[in-house]
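This briefing is meant for a reader meeting the structure for the first time. Please keep the model open while reading, and look up each residue as its name comes up.

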Amino acid sequence: MTTDGGGVAAFGYRYQYLVTAEQFLRIITTHTGNLDEVALIVEPTSRDLAATSDEDDDVVDFAVEVDGTITRRIQVKASRVPSELNALRYSDTKSIFKRMSSGGEEAIILTNKRLAKKLRKACAEPTDLPDGSQQYVLAASEITGSQDGPVRSVVRDDRKLTDIKQSLLDLIRRIRGDRALGQGLSSASLLAALVMDSIFEAAANVTPRRRTADELLTLLCTPDAQIAHALRRFDWGAPLIEVPRLVSAVARTSELAELTELFTLSVNARNPKVSVLTGVTGFGKSTIAADFCHLNRHFYEHVMWIDCRTEGLIEAKFKDVIRQLGVEAESVVDVASAFQSQFARMGGPSVIVFDGARQRKDIERFVPTSGCGFVIVTTTNSTGWWHTAKSIPVDPFTEDEASACFETYAQIEPGTRTMVVTDIVNRLGRVPLAIAMAALHFRNADEDISQLSREYFAGLDALADQTSVPEGFDRTAFAAVRHAVAQLGSGADVLDEDRRMTQALVYHSAFLAPELIPLNLLLQTVHQTTTMDLTDPPLPEIADQAQRNRVLVTLRTQTIATRRSYLDSSGISNPASDTITVHPLVHEILRAIYKQAAPTERMLDLLTMLMACAYGWLIQLRREGAIFPLEQLLVHGEWILELVDRIAVPDTSDEHQLYVFRCAKLYLACEIANCAASQGEYTRSIDIIETALTEIQGVALTPHAQGMVTKAACDSVADAMLGGLDVDRAKALTRRALAELRKFGTIGNPRLGGVIATLSIQAGQAAKKFEDREMKRLAVRLLEFASMQTVTEMPQLGHVMQIHNLLSGGYASQALELVQRVRPPNASVYDRVMFDNFEVIANLHLGNFPNAADGIDRILSLADNGNHLHDHLKLTFEQIGDALLRTQDSWSSRSPRLRAKQLEVQRRRA
């Protein structure tokens with residue numbers, strides 16, 4: 001019979017040092033005195049214990065010292081498989097306590113073994129301890145010596161090693177949480193390993209046996225940034241969608257305390273509680289929510305800040321969240337259900353902030369009903385929320401808070417101008433936004449505060465009298481924003497023309513999304529030379545440097561907007577790199593002011609110009625494959641479309657002006673649909689196209705606009721096929737495409753024959769792939785319509801089909817020659833991928849392996865451009881992978897480079 005002596009010993013040490021760590025951390029968390037007095041002594045000798053008699057150096061496994069005095073000695077006795085056969089016996093216990101001796105302190109045997117019957121009889125009734133163990137106090141006189149003390153007891157802990165380790169991790173997380181540090185499980189596991197290593201070293205006498213509580217706390221309270229460096233990531237307080245950095249000059253302690261209390265109640269259950277911060281725009285609701293998130297990162301594992309300005313933006317944000325949680329977002333039909341399912345399974349706790357929600361129905365389907373977390377809603381609407389939600393009204397500042405806020409923003413030493421400051425903030429209604437804007441105005445002016453106050457309020461009162469304030473806005477905040485715009489350029493050597501241009505630019509910015517607004521695009525909307533021609537829309541370009549500098553100098557005289565420049569992934573700037581960001585509340589007030597003041601004609605002109613600019617920029621950025629600025633402009637394009645839908649256009653508007661406005665909306669919507677399709681979001685693309693075509697139906701269109709409608713209708717058929725749309729919906733789209741093609745064909749321009757033939761073939765080929773009799777008939781009609789067109793020059797689609805047929809027929813040399821002849825010199829990123837794909841396949845079959853590898857490299861360099869080449873690259877990697885496999889025998893021994901490319905293509909294909 002053999003025994004696993006090494007395994008038994010390893011288990012014994014593992015168990016001993018785990019319970020040593022856990023027991024000492026439990027003492028740290030419950031000790032009510034000064035922790036500087038508390039220490040752990042690991043494997044102490046009689047000298048460490050200051051023994052007064054001959055004691056066994058190998059009997060006390062660890063001891064606890066308080067204020068220089070040993071208060072507790074513990075020996076650990078454990079078995080891998082506790083049973084009646086290896087129970088802790090009375091005689092062993094008597095011997096251990098005799099060897100442990102005592103100087104008046106508590107002596108404990110800590111074991112996972114059962115107690116033998118005789119030992120049980122020698123003990124008082126067991127007491128349950130907080131960790132689930134049981135303490136048996138010895139009563140037998142021959143063990144205790146008939147003394148009242150020291151207390152000798154056996155603590156039986158039958159937990160498994162995994163349970164003890166989990167308890168250790170929980171204690172570490174509790175200690176870190178109490179000190180406002182991250183409580184991530186990975187962080188706790190790393191620190192537990194370091195604590196165990198520290199105890200091992202002390203036991204081996206590599207380091208001092210005596211470890212103070214302060215030393216262990218210093219280790220356990222390692223800053224989050226250092227742990228993140230070791231783990232290569234933050235595992236606690238991590239944003240799935242980042243919380244904005246809203247500057248809080250004065251903390252709203254009452255509201256923050258209430259949110260903290262609600263958070264604690266919420267995360268102790270499995271149904272997240274909802275808190276609704278209500279109040280007028282400018283009262284600081286979003287700032288309170290942001291403060292809660294920033295100040296309490298140690299509370300939560302994840303945070304999601306959802307901008308609720310538009311329904312489309314809400315869904316886009318949650319799609320990004322589920323993508324980060326590992327869900328293939330592009331294939332998800334119901335984003336809300338997918339998020340609810342993921343949230344219910346997350347460890348948490350997590351915080352979700354719905355910022356600027358208009359009403360309950362806008363966010364209800366995304367509010368989690370199960371899981372560990374807490375929900376905060378900020379809104380100007382105080383009614384209609386859930387009866388279970390806790391409403392927290394956000395009122396104006398108190399006088400002291402308002403004064404402190406003003407002094408901070410105006411950079412006035414606290415308490416030096418108390419009466420003047422108090423008067424100012426009271427006249428401003430103690431509204432946070434109005435105070436901040438006024439104080440910044442005072443800071444920028446080099447005048448006496450009392451004199452400046454009189455002048456400021458004279459201007460403010462005049463503006464307030466002129467302004468009809470919409471519901472949900474504060475009159476003073478409204479006037480403060482108008483005043484700030486009116487004061488642009490004050491105190492600086494600024495020309496009137498530049499002041500007016502900057503003021504217009506600021507108001508125009510309110511009709512785009514508030515973050516990362518391209519300054520060069522805004523300059524196009526205020527420049528007199530910009531023409532409104534949708535057949536030749538404004539394209540991305542960097543404005544004249546001198547003009548841009550003059551606008552920026554004027555902007556800096558007031559703090560309405562902040563400037564930010566960025567570089568793209570290649571380290572260079574682009575026309576969208578120079579941006580401004582406007583505070584969301586200021587942004588909303590600017591838009592409300594402009595809508596009130598501007599005549600309908602001017603409003604329509606501005607919206608038309610913004611849609612035309614966004615359309616032109618999107619076309620060019622998508623062609624170039626400039627993904628980050630493309631995503632940036634998509635946010636603005638979608639924002640404008642949703643905004644336009646909420647603006648009532650009177651029937652009395654000028655007919656031509658209204659027509660151009662409608663066309664601009666159509667063109668922008670179709671380009672956004674193109675962007676969605678290029679990311680594989682075919683259903684969304686079709687939804688956008690259907691809405692756009694419905695809105696333009698019945699309008700007499702110019703040839704160019706009819707061409708746009710026809711292309712969109714044909715694109716929708718291809719999207720229906722690629723997206724696997726149900727056949728009934730696909731039939732309706734195909735019929736619409738055929739009808740629009742016939743309208744386009746009646747224009748009678750012979751130069752349009754190639755365009756009409758291309759669109760007809762595209763829609764016909766897509767319709768033919770549906771396994772449905774009527775779709776097959778529609779496909780035939782579309783292809784017949786294509787054959788009826790007079791084509792003066794073969795369109796690109798014809799060349800593409802010709803190249804494809806040549807490659808399929810084995811005529812690689814002719815295919816390569818045709819590719820090189822018809823490839824456009826300034827091809828879009830999509831065309832570059834397509835023609836590179838043809839070249840790679842042809843070169844593989846012709847044995848031009850270095851050229852084939854070069855082509856694969858060019859395609860791979862575009863493969864990380866987000867999702868905007870989703871299906872183009874998917875199809876390309878499939879075709880190249882097949883070609884590499886078919887030609888493998890000819891290149892496998894001659895081209896190590898192609899072997900590496902094949903592995904990369906296979907990975908991308910998977």
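This is a predicted model: local features need pLDDT of at least 70, side-chain atom pairs count only at pLDDT 80 or more; totals for chains, interfaces and linings use all residues.

Thr710 is buried, since its relative accessible area is 0%, and this residue belongs to helix H27, which spans residues 703-722.

**Around Thr710 and the cysteines**

- A polar atom of the Thr710 side chain lies 3.3 Å from the backbone oxygen of Glu740, and Glu740 is also listed among the residues that Thr710 touches, together with Leu741, Phe744 and Leu759, when residues up to four places away in sequence are not counted.
- Cys714 counts as buried because its relative accessibility is 0%, which is under 20%.
- Cys613 likewise counts as buried, at 0% relative accessibility.
- The count of disulfides in the model comes to 0, where a disulfide would require a pair of cysteine sulfur atoms within 2.5 Å.

**The sheet of 8 strands**

- An open sheet with mixed pairing is formed by 8 strands, and their order is E5-E6-E7-E4-E3-E2-E1-E8.
- The edges of this sheet are taken by strand E5 (127-128) and strand E8 (210-212), each of which pairs on one side only.
- Strand E1, made of residues 38-42, runs antiparallel to E8 and is joined to it by 3 bridges; within this pairing, Ile41 has Arg210 in E8 as its bridge partner.
- Helix H7 (residues 213-220) packs on the sheet, where it touches E1 and E8, and its direction makes about 60 degrees with that of E8.
- Helix H2 (residues 90-100) lies across strand E3 (69-77), strand E4 (106-111) and strand E7 (152-156), and it runs at about 135 degrees to E4.

**The sheet of 3 strands**

- Another open sheet has 3 strands in the order E15-E17-E16, and its pairing is antiparallel.
- Strand E15 (517-518) and strand E16 (561-565) each have a single partner strand, so one side of each is left without a neighbour in the sheet.
- E15 is joined by 2 bridges to strand E17 (residues 578-582), with the two running antiparallel, and Ile517 stands opposite Ile580 in E17.

**The enclosed strand E11**

- Strand E11 (residues 302-307) has 6 of its 6 residues buried, so the rest of the structure largely encloses it.
- In a regular strand, the side chains alternate between the two faces of the sheet.
- On one side of E11 the buried residues are His302, Met304 and Ile306, while on the other they are Val303, Trp305 and Asp307, and both faces are therefore covered.
- E11 runs parallel to strand E12 (residues 350-355), to which it is joined by 6 bridges, and the bridge partner of Met304 in E12 is Ile352.

**Nonpolar cores**

- Nonpolar side chains tend to be buried together in soluble globular proteins.
- The largest nonpolar core in this model has 158 residues, and those with the most contacts inside it are Phe292, Phe406, Phe511, Ile560 and Leu590.
- Leaving aside neighbours within four places in sequence, Phe511 is in contact with a set of residues that includes His587, Arg591, Tyr594, Met603, Leu606, Trp639 and Leu643.

Key. Residues are numbered from 1 along each chain as its sequence is written. Side-chain values use heavy atoms; hydrogens and water are left out. Two strands pair if DSSP finds at least two bridges between them. Helices (H or I, at least four residues) and strands (E, at least two) are DSSP runs, numbered from the N terminus. Buried means under 20% relative accessible area, exposed over 50%, partly exposed in between (1.4 Å probe, protein chains only). A polar contact is a pair of N or O atoms within 3.5 Å; within protein, one must be able to donate a hydrogen and the other to accept it, and residues adjacent in sequence count only if both atoms are side-chain atoms. Contact means heavy atoms within 4.5 Å. Axes are lines fitted to C-alpha atoms, for helices over the stretch in contact, and angles run from 0 to 180 degrees between N-to-C directions. A nonpolar core is a set of buried Ala, Val, Leu, Ile, Met, Phe, Trp, Tyr and Cys residues joined through side-chain atoms within 4.5 Å.
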